[in-house]
Amino acid sequence: MGRLARRQGLTPLGQRHTLRRVKICRYLTADNEVRIGLAKGDDALLDLSPAGIESITALLESGDATQRLAQLNELPVTPLADVTLLSPIEVQEVWAAGVTYLRSKDARMEESDFSAAAYDRVYDAARPELFFKSLPEKVVACGEPVGIRADAKWSVPEPELVLLMNSRGEIAGYAVGNDMSSRDIEGENLLYLPQAKVYHRSCAVGPWVRVGATEKEAREWKIDIQIERGGETVFSGAVSVNQIKRSLGELRDFLFESQLFPFGCALLTGTGIVPDDDFTLEEGDTVRIRISGIGCLENSVVRV
Ligand code: DO4
Ligand code: MG
């Protein structure tokens, strides 16, 4: 929990979670109603609205999400095929950490002589790189297209573990994220980072939020990515979350330092997978990112 949150009288809960492998999502019913669902097997959801659970934010804020979900029974079952999955980011600012894996540092040092020293330095520095990534309403859901900038020549997806934190800074959920990036713009000058990272359709998160997992458990997950073009896989890669240099708690602590997030916030934790330098995304590609403990985020690519 950050200093400011403590000063505002927000207290940590310190609940022990008892349930395992609990995944929730936000979805739209056939009648266009937004609901929160609990995954039931691979192809169905339990509608949580009769239990009074109407937002992911409130559930994560309660600090006892897994306990509450464990006590539920007799909920309506909805086939996944009958709903539209929405982004789980309701009202949270979305931030991102950078250069948290060795692969990311190396790729960025190769991409730019001009900025190489900055990346080298931040990888080993006490303070991590943290940048603002997206307003909540701009986050792209699973199944919607992510964007490549029309004025960029070198665009890549960045498959990342996302931390969902409540206002007290508790890591209450985990999701799959894509920090879309324009590498030529970023490489030209570090001061262009916001343009390389923050543009229309540049951030995708979802569809699942895994609750009740510890950091130790999250570090055992594997992230993998597959990019398809015209029915062929043109890039695939994988990394273990455990290869991240910093602890997740450390990233959270820096983000919450001298900062308040009244509704909590989301943090993409950096990429450990970077395609070779001759690879760029094209319009029409499909990007599929999986994290073993969470699920799969799939998006097509459109030029914006
Ligand atoms: O400064 C560059 C951004 C790095 C980044 O987004 C990452 O490592 O994932
Ligand atoms: Mg990134």
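Predicted model: local features only at pLDDT ≥ 70, side-chain atom pairs only at ≥ 80, totals over all residues.
## Polar atoms and burial

Oxygen atoms of ligand 1 lie 2.7 Å from a side-chain N or O atom of E129, 2.8 Å from a backbone N or O atom of V99 and 2.9 Å from a polar side-chain atom of E158. On its own the ligand exposes 280 Å², of which the protein buries 100% (Shrake-Rupley areas with a 1.4 Å probe).

## Residue R210

R210 belongs to strand β14, residues 209-211 (strands are DSSP E runs of at least two residues). R210 counts as buried because its relative accessibility is 1%, the limit for buried being under 20% with a 1.4 Å probe and protein chains only. Its side chain makes a polar contact of 2.9 Å with the side chain of E217 (a pair of N or O atoms within 3.5 Å, one able to donate a hydrogen and the other to accept it).

## Basis of the values

Residues are numbered from 1 along each chain as its sequence is written, and ligands are numbered from 1 in the order in which they are written. Local features need pLDDT of at least 70 and side-chain atom pairs pLDDT 80 or more, whereas totals for chains, interfaces and linings use all residues, and side-chain values use heavy atoms, with hydrogens and water left out.

Conventions
Helix = DSSP H or I, 4+ residues; strand = E, 2+ residues; numbered from the N terminus. Buried < 20%, exposed > 50% of the residue type's maximum accessible area, 1.4 Å probe, protein only.
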